[in-house]
Amino acid sequence: MFVVSLIPIIVAFAGVMISKRAFESCIAGIITAVIIYAAQTGDWNIPLLFYNFLAETSSEPGNMWVIVFTLSIGAVTQILTDAGATAAFSNWVTKRFANNEKKSMLSIVVLGILVYADEFLKAAVLDSYGKTIGRKNRIPAEVVGMLVVALCIPLVAFTPMATWSVYFSQLMVSSGFAANGMMDFVTQVMPIMVFPIILTAIIVLFSLGIMPAFGTVKHAIAKKREGAYDFSCYEDQGLLDNAALKARPLDFVTPLIVLLAVGIALDGDLAIACLVAIAFEMVWFTARRVMTFAEFMDSFWKGMFGVFKPTVYLMVGFTLTTILKLIGFPELVQAVAGFMVPGAALAFFFVAAAAIGTLTGMFWPTTALFMAACLPVTDSMGISPFVLSAVLFSAATFGSVLSPRGALVMFIGEELGSNAVDLTRSLRPYALIAGGLTLLFYLVLGFVVV
């Protein structure tokens, strides 16, 4: 009976594969789930059910935090870009450090570590910087794109006080087993949340020339050596060489320091920190005559509108997983886990959560869904909920770099003049190596802790 909970997931995935439209496909999945729920409950007022699920999910405090944060970080990022601050900082780093290919790739890694508050902020900076050094030092777009995707979500998920880690810590608190929030995440989850560690190590080894190139990255590098690679993709991006006529590198760094300082002072509430950072940017840039007030407001609304679609996509994703909980998906996961050797449970949860996240492109909702489904199983086995959290959070980051349906990968592809499918194809061999090693680690850990 519980197997019917897979039908909405299949509908959403099939819709994405056929139409290439993630939002509409998710809506189709929600409607399918609502119909199944109606059949189970006998309440056939489909429009009212759809509205109630969407309204109740969106108004839930944790999800409302996601809405406010996502919209406000879009404004923060766009203001930095339109003010020329991102370009000024990127050009400054390029001129002083990234004077050859190896240094350029390593500088992307370092910058990816330093700019950590949010994956969209990180992507905006790395995209702009990557296009600059990609053109100057003749680095194929496949290489730059692979590095940018690999350094965004995994590092944000693994870094304390960053977007994903804040959400993960809140999820643990709301699940009822983490009283100390971020402190529990840092001390009990991060040490065994190994996928981001392994993938970052692989990317560093690649940048140093130790890890070989694979797949489309190898093909692009070979074309470059033959002189047949077309670098015009960078030239068509409006590379912002002259965008920083008024701005200085400090104009990029200072608002971020304010954002992070306020976020830390408020125990990780980056939504409020973003609102404070926006107010600071308004005063900072207008007082320094980098932007007029009208230009600032135009940039503010452009940033809000720019992330509106991924924000709404997150909300419909949360709505879908809310209904999946009601129509039996947690019970399905528990039933399948019941047929497995107990020691293999962690490995199964890692693979299943990564697979569903990859298919749907909805990683936060998927993590919340699996947390609810898997906690009773691990509790019965005597497995710490913090161990389960590490497994599910690793699965979320694994799926995020494999799925071409994630909002961030789509955003990076648009900025780099590529598409989400090609981006994930470039990173896939490295992500699969990291995922395979992570799976092996959790398989061994499962037999140790059970």
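Modeller: On a 1 Å grid over the protein atoms alone, a cavity is a set of points where a 1.4 Å probe fits but cannot get out, whereas a pocket is an open set with protein on both sides within 12 Å along at least five of seven lines; lining residues have an atom within 4 Å of a point. Grid points are joined across faces, edges and corners, and a volume is the space filled by probe spheres set on the points. This is a predicted model: local features need pLDDT of at least 70, side-chain atom pairs count only at pLDDT 80 or more, and totals for chains, interfaces and linings use all residues. Residues are numbered from 1 along each chain as its sequence is written, and side-chain values use heavy atoms, with hydrogens and water left out.

Biologist: What is the volume of the second largest pocket, and what classes of residue line it?

Modeller: Its volume is about 380 Å³. Among its 18 lining residues, Glu60, Asn63, Leu171, Ser174 and Ala368 are closest to the centre. The lining of this pocket has seven nonpolar, eight polar and three charged residues.

Biologist: Which side chains meet in a salt bridge, and what parts does the pair tie together?

Modeller: A salt bridge is a side-chain nitrogen of Lys or Arg within 4 Å of a carboxyl oxygen of Asp or Glu. The whole structure has two. In one of them, lysine 224 meets glutamate 101 at 2.3 Å, N to O. Helices are DSSP runs (H or I, at least four residues), numbered from the N terminus. Lysine 224 lies in helix H12 (residues 215-225) and glutamate 101 in helix H6 (residues 101-114), so the pair links parts 123 residues apart in sequence.

Definitions and conventions. Helix = DSSP H or I, 4+ residues; strand = E, 2+ residues; numbered from the N terminus. Nonpolar A, V, L, I, M, F, W, Y, C, P; charged D, E, K, R; others polar.
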